[in-house]
Amino acid sequence: MAADPASVLLRLAVLQRLIARPGVIPAAYIYAYDNPPLAITTGSMPLFVNYVGPLQTSVEMGRNAKGIDYMETRLYYMVLYLMSYGAGEEGEYYGLLTPYFDAVWAQFGAYPHLNQLNGIEKAKMLNDSGGATVPFANTAYYGIRFVLQVAGRVFRPFAPGE
C-alpha cells in the first residue's frame, strides 16, 4: 500500500470499524465505507463515510527512470452519520453524539501513521464540526464531520515512452 487516496480511504474504514459504539455495546463495531455507498439506512447507523479532500501540498522528493516520488499532504473528511434528521426527541441526538468525539479523536490519535500504512509520514486530526446536520444524497442526517490531514509519499509513474 501507499499513501495514495484509495489506500488511505481503505485504511480509514478499517480503523473506524474498530471504534466501539460508545454507551451501547463495547464489542459492537461501527459500519464504515471507504467510498460513498449508493444509500445509507437507519439500521446501518451509526456509520462513517469517507471522502477525499483537497491536496494541500505536493513536493517532489526524487525521480528515477520510472517516475517521480512526491511528498503530498491531503485532507480527508470522515463523516459520522448517527441518525436521520428529525428522528428522536428534540435535542436527543446531541447526547447520542457526545461519546463519539472522544472515541474518534482517541482512535486516530493512536494511529499517527495510520498503523504503519506504507508511505504515511504523519496523520493528524485537525478538527470536527461538532454536532451538526450532515447531508448524504440530498438527505439530512445528524452527525459529525471530522477532518484528518495525511502526509505521505506518492509515486507517480511516467507515461510509456517518456
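## The aromatic cluster

Y81 and F136 are both buried, where buried means under 20% relative accessible area with a 1.4 Å probe and protein chains only, exposed means over 50%, and partly exposed is in between. Keep in mind that this is a predicted model: local features need pLDDT of at least 70, side-chain atom pairs count only at pLDDT 80 or more, and totals for chains, interfaces and linings use all residues. Residues are numbered from 1 along each chain as its sequence is written, and side-chain values use heavy atoms, with hydrogens and water left out.

There are 4 aromatic pairs in the structure. Rings of Phe, Tyr and Trp (its six-membered ring) pair if their centres lie within 6.5 Å; planes under 30 degrees apart are stacked, over 60 edge-to-face, and the rest tilted. One of the pairs is Y81 with F136, edge-to-face at 5.8 Å centre to centre and 80° between the planes. Y81 sits in strand 3 and F136 in strand 5 (residues 132-136), so this pair ties together parts 55 residues apart in sequence. Strands here are DSSP runs (E, at least two residues) and helices likewise (H or I, at least four), numbered from the N terminus.

Y81 also pairs with Y141: the ring centres are 5.6 Å apart and the planes at 85°, so that pair is edge-to-face too. With Y141 in strand 6, the contact ties strand 3 to a part 60 residues away in sequence. Y141 counts as buried at 8% relative accessibility, and Y81 has 1%. Put together, Y81, F136 and Y141 make one aromatic cluster.

Strand 2 (residues 47-64) pairs with strand 1 (residues 31-33) in the parallel sense over 3 bridges; pairing takes at least two DSSP bridges. Here Y31 stands opposite L47. Strand 2 also runs antiparallel to strand 3, with 14 bridges, and a hairpin of 2 residues joins them. Across that pairing, F48 faces L80.

Leaving aside residues up to four places away in sequence, Q16 touches I30, A32, F48, N50, M78 and F108, with contact meaning heavy atoms within 4.5 Å. Q16 is buried, at 0% relative accessible area.

## The cavity

The largest cavity holds about 60 Å³ of space. A cavity is a set of points on a 1 Å grid over the protein atoms alone where a 1.4 Å probe fits but cannot get out, and lining residues have an atom within 4 Å of a point. Strand 6 (139-157) gives the largest share of the lining, 4 residues.

How values were computed:
On a 1 Å grid over the protein atoms alone, a cavity is a set of points where a 1.4 Å probe fits but cannot get out, and a pocket is an open set with protein on both sides within 12 Å along at least five of seven lines; lining residues have an atom within 4 Å of a point. Grid points are joined across faces, edges and corners, and a volume is the space filled by probe spheres set on the points.
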